[in-house]
Amino acid sequence: MRITIILLLFGFLPFCSCTSSGGDATADSTASDSGQSAEAPSLSSASRDTLTVPRSYLMGQFEPSEHPDFSPIAIEHADRGGLYLRTDAYEAFKKMYAAAKADGINLVIRSATRNFASQKGIWEAKWTGARKIEGGQDATVAFPDPVVRAKTILKFSSMPGSSRHHWGTDIDLNNFTNEWFESGEGKEIYDWLTTHAAEYGYCQPYTAKGPARPNGYNEERWHWSYMPVSRPLTAQAERELTNEMITGFQGAETATEIGIVENYVLGINPSCRE
Ligand SMILES: [Zn+2]
């Protein structure tokens with residue numbers, strides 16, 4: 001087993017930007033709180049269709065600022081400092097940003113990579129009522145039943161361990177309401193993205209619900225995903241994730257009954273999987 005791991009690591013070396021020895025970075029490592037071993041090999045584009053990452057990475061158990069495949073987002077592209085993306089996704093975004101700018105469109109990243117700890121903070125704030133949910137309600141009062149409460153929060157927020165924001169491939173742009181994208185500057189931005197984002201590898205995973213996308217989160221016109229990496233990671237999630245793995249936060253006991261993996265992780269715009 002040890003020899004196999006060493007051979008695997010040497011096999012990755014031509015493509016790997018890893019700065020640490022990565023002795024524990026096996027392809028099937030399980031989630032851990034340390035997250036230090038969660039290193040994805042940086043594969044060439046030709047290899048991306050078979051890209052796999054450690055399961056700890058898939059579930060957000062790592063620190064983006066310490067990960068060799070991630071880069072800080074420049075303040076000119078975001079509404080604040082301290083945001084991170086995978087470098088390949090960010091390079092593609094920068095090309096898209098420049099093309100949009102030339103067309104008079106100003107893209108602003110509002111959120112990017114959020115690891116398990118970050119998503120747990122968001123989820124538990126809503127779960128416990130510390131943060132009001134959409135509509136201004138305290139979820140503990142309005143929805144005492146755990147499954148109903150979880151499904152309500154899930155309209156817009158992922159359970160920790162199941163978010164595409166863990167992957168460093170997904171960004172939220174400009175404004176967090178669908179209505180904003182229906183007129184004026186918002187409509188111009190959304191029209192530009194729906195016409196051009198695919199040229200840069202970006203796709204909107206949470207389109208309007210309907211026959212093509214019956215399950216999962218509500219529509220999010222602000223959320224865009226870098227397909228060359230997120231597509232193989234979606235396929236890996238389909239192969240490897242189970243609802244029982246979604247644990248480690250308040251309300252996680254509802255994950256299996258709700259079917260987080262099949263309905264939410266995989267409940268995306270089909271064209272983002274092709
Ligand atoms: Zn998002």
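**Entry: ground rules.** I count two strands as paired if DSSP finds at least two bridges between them. Helices (H or I, at least four residues) and strands (E, at least two) are DSSP runs, numbered from the N terminus. I am reading a predicted model, in which local features need pLDDT of at least 70, side-chain atom pairs count only at pLDDT 80 or more, and totals for chains, interfaces and linings use all residues. Residue numbers start from 1 along each chain as its sequence is written.

**Entry: the sheet.** β5 and β6 (residues 223–226) are antiparallel and joined by 2 bridges.

On to β4. It pairs with β6 in the antiparallel sense, over 3 bridges. I noted W224 of β6 as the bridge partner of I171. D170 stands opposite S225 in β6.

In what order do the strands of the open sheet run? I read β3-β4-β6-β5, 4 strands with antiparallel pairing. β3 and β5 (202–203) are the edge strands, each pairing on one side only.

**Entry: the two faces of β6.** I call a residue buried if 20 or more other C-beta atoms lie within 10 Å of its own, exposed if 12 or fewer, and partly exposed in between, with C-beta atoms placed from the backbone. H223 and S225 point one way from β6, while W224 and Y226 point the other way. All of them are buried.

**Entry: S111.** I found S111 in strand β3 (residues 109–111). β3 and β4 run antiparallel, joined by 2 bridges. The bridge partner of S111 in β4 is D172. I count two residues as in contact if their C-beta atoms, placed from the backbone, lie within 7 Å. Setting aside neighbours within four places in sequence, S111 is in contact with H165 and D172.

Why is S111 partly exposed? Because 18 other C-beta atoms lie within 10 Å. I also looked up H223: S111 and H223 are 112 residues apart in sequence, yet 9.1 Å apart in space, C-alpha to C-alpha.

Entry: α3 (residues 87–102) has 16 residues. From first C-alpha to last, α3 reaches 23 Å, close to the 22 Å expected at 1.5 Å a residue. The expected span is 1.5 Å times one less than the number of residues. Buried residues in α3 include Y90, F93, M96 and Y97. After α3 comes G104, with a positive phi near 80°.

A nonpolar core is a set of buried Ala, Val, Leu, Ile, Met, Phe, Trp, Tyr and Cys residues joined through C-beta atoms within 7 Å. The largest one has 58 residues, and L85, F93, M96 and Y202 have the most contacts inside it. α3 supplies its largest share, 7 residues. I looked up L85 next: outside four places in sequence, its contacts include F70, I73, F93 and I171.

**Entry: T140.** T140 lies in helix α5 (residues 139–142). T140 is partly exposed because 13 other C-beta atoms lie within 10 Å. Beyond four places in sequence, T140 touches T128 and G129. T140 and G129 are 11 residues apart in sequence and 5.7 Å apart in space, C-alpha to C-alpha.

**Entry: the whole protein.** I counted 10 helices and 6 strands. Of the 274 residues, 40% are buried. Among contacts with a separation of 6 or more, 70% join residues 24 or more positions apart.

How confident is the predictor? pLDDT gives its confidence in each residue, from 0 to 100. The mean is 87, and 82% of residues reach 70 or more. Over residues 1–46 the pLDDT is below 50, and this stretch has 60 contacts in the model beyond near neighbours in sequence. Where pLDDT is low, the predicted coordinates should not be read in detail.
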